[in-house]
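I opened this notebook to record what I looked up in the structure.

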Amino acid sequence: MTAYVSAFDLFSIGVGPSSSHTVGPMRAALEFAHRLRSTGTIDRVARIGCTLYGSLGATGIGHGTPDAVVAGLRGLAPESCDPADVRAAWTDLREGATLRIDGSHEIAFSKTDIVFEPRTRLPGHPNAMTIAAWDAAGGVVADETYYSVGGGFIRRDGEDAKLASAPLPYSYADAASLLALCDEHGLSIAEVARLNETAERPEEEVAAGLDAIWDAMAACVDNGLHSDGVLPGMLKVKRRASMIRAQLEEAEADGHRELPGEWLGAFALAVNEENAAGGRVVTAPTNGAAGILPAVAMYWWRFLADSGLGAGNAVTPYGELVGSALLGFDGTKAIDAAQSDDDEAVADANRRRGIRRFLLTATALGSLFKANASISGAEGGCQAEVGSACAMAAGGLTAVMGGTNRQIENAAEIAMEHHLGLTCDPIGGLVQIPCIERNAIAASTAVTAARLALRGDGSHYVSLDAVVETMRQTGIDMSTKYKETSEGGLAVNVIEC
Ligand code: SF4
């Protein structure tokens, strides 16, 4: 079995606030609507109902799950919809409302057609949902159970948990075999990921796709840094990223030195506030943990990437480790600034190459967590979401800072090790507290993990495989109270007002 999951599955452009509770259910409902159409049964449907089980039933309302289900049944896809069309698609339903299945066949639909059963846990996965369609005589037209298995991935009951559609040229099952593969072929971890991606699609398409992922991440950071107000939901959480941006810009305008560490936190807050507001977000590898990778990548882009390109650039903590030769996407050297008249264009092209390497490295690492443990908070607690994202970001940063494969593995291991046991206990079932701040803290942990790994030689006591397995076992042992049910931890010790 190969652990590798494509970057285009792991980093999917979708909507907030949750990959498992919003994006996954929306995809399941869309798949159901498409199935009705493709089987030619759509016109027989007189009624549709959906039951949300377990964690989807417990925290679905706070995560916008019923809105996502209605949007998916209407034929909207997470990657292409206007997020505004998803928000309140169920919440705002009025008496006598109708639903156009897959944008065409119209039926009556009411809020009570979505049923919540938080106490029922289906054996397939804690995030389960059943969608059924009936004809006018009450006969079942179609009936499917789906599992939202984390990161926006779904599985239909009865299907295998398929991780790769075709044999890949560079298959690996765990971190040890990934490192051995790299040694055997003289490849970096990013190159293994790139060669797996280019087995499925042309090189230019891979590069353009990675650039599109980065552009969506960067746009999300920017939107969050420029949006004020209060987040949806009863907690009335005030957005902070924009205020911090204004403070940092003012300080820098007053001649203070740049404050990279503070920007790092602001970048993460910006993404998670956008997510909580139901905006356009890239799952990385989930929505709840979506701020960590973009924040660390943006931190590198803005404060570290150019430090090795020519004299006179700001000295950074890694200035001595960064060189243009380390920024290539495909093993070729990055463009030398001295070869071009347009320094900014060259620097931008080189930064993009670095981001591709960052994302590919993070993909190779994230695949290990998905295959051998979990990236779902409902399955493994927050260690599976924020811990995995932190490890992916730490590895990605180490890669673009010129780290070796073993330093990358070390950075990911450090980052995951110190998230082991982290519970998921969102207050009010909203992906806001502790989630938003937690991403900022994890972003700084990722940078620290990369720093520690880059100062070493890659040798270390605890292997990445050992922490992945520890995370898996800890997730199994963790009480369901701490697995995205909002029945324990902060969720029951802080009064919602
Ligand atoms: S506590 Fe962690 S796992 Fe739970 S919803 Fe928040 S970010 Fe996701």
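**Entry 1: threonine 283.** I listed the contacts (heavy atoms within 4.5 Å) of threonine 283; leaving aside its neighbours within four places in sequence, they are Leu10, Phe11, Ser12, Ser19 and Gly151. I noted that the model is a predicted one, in which local features need pLDDT of at least 70, side-chain atom pairs count only at pLDDT 80 or more, and totals for chains, interfaces and linings use all residues. Residues are numbered from 1 along each chain as its sequence is written, and side-chain values use heavy atoms, with hydrogens and water left out.

I then placed threonine 283 in the loop between strand 9 (280-282) and helix 11 (292-304); helices (H or I, at least four residues) and strands (E, at least two) are DSSP runs, numbered from the N terminus. Is threonine 283 buried or exposed? I found it buried, because its relative accessibility is 0%; the classes are buried under 20% relative accessible area, exposed over 50% and partly exposed in between, with a 1.4 Å probe and protein chains only. The side chain of threonine 283 reaches the backbone oxygen of leucine 10 at 3.3 Å.

**Entry 2: leucine 179.** I located leucine 179 in helix 6 (residues 175-185). Leucine 179 counts as buried because its relative accessible area is 9%. Beyond its neighbours within four places in sequence, leucine 179 is in contact with Ile189, Asn405, Arg406 and Glu409. For asparagine 405, I recorded a C-alpha to C-alpha distance of 6.9 Å from leucine 179, across 226 residues of sequence.

**Entry 3: the two domains.** I looked up the division of the chain and found domain 1 (17-156) and domain 2 (175-199 + 201-493); the bounds come from an automatic or database domain assignment. The contact takes 26 residues from domain 1 and 26 residues from domain 2. The domain centres, taken over C-alpha atoms, are 31 Å apart. Domain 1 and domain 2 bury about 1800 Å² between them, with 51% of it on carbon and sulfur atoms; this is the accessible area (1.4 Å probe) that two parts lose on being put together, summed over both.

How many salt bridges are there between domain 1 and domain 2? I counted 1 salt bridge, defined by a side-chain nitrogen of Lys or Arg within 4 Å of a carboxyl oxygen of Asp or Glu. The side chains of arginine 119 and glutamate 487 meet in a salt bridge at 3.6 Å, N to O. On the domain 1 side, helix 2 (19-38), helix 3 (54-63) and strand 7 (140-150) each supply at least two residues that touch domain 2. Helix 3 gives the most to that side, with 5 residues.

**Entry 4: backbone geometry.** I kept in mind that most residues other than glycine have a negative phi, and most peptide bonds are trans. The peptide bond from glycine 16 to proline 17 is cis, with omega near 5°, and proline 17 lies in the loop between strand 1 (13-15) and helix 2. The bond from isoleucine 433 to proline 434 is also cis, with omega near 10°; proline 434 lies in the loop between helix 15 (405-417) and helix 16 (435-455).

For alanine 88, I read a positive phi of about 65°. Alanine 88 is found in the loop between helix 5 (83-86) and strand 3 (98-101), and it counts as partly exposed because its relative accessibility is 25%. Lysine 236 has a positive phi near 55° and lies in the loop between helix 8 (203-225) and helix 9 (241-253). Lysine 236 is exposed, with a relative accessible area of 58%.

Note on methods:
A polar contact is a pair of N or O atoms within 3.5 Å; within protein, one must be able to donate a hydrogen and the other to accept it, and residues adjacent in sequence count only if both atoms are side-chain atoms.
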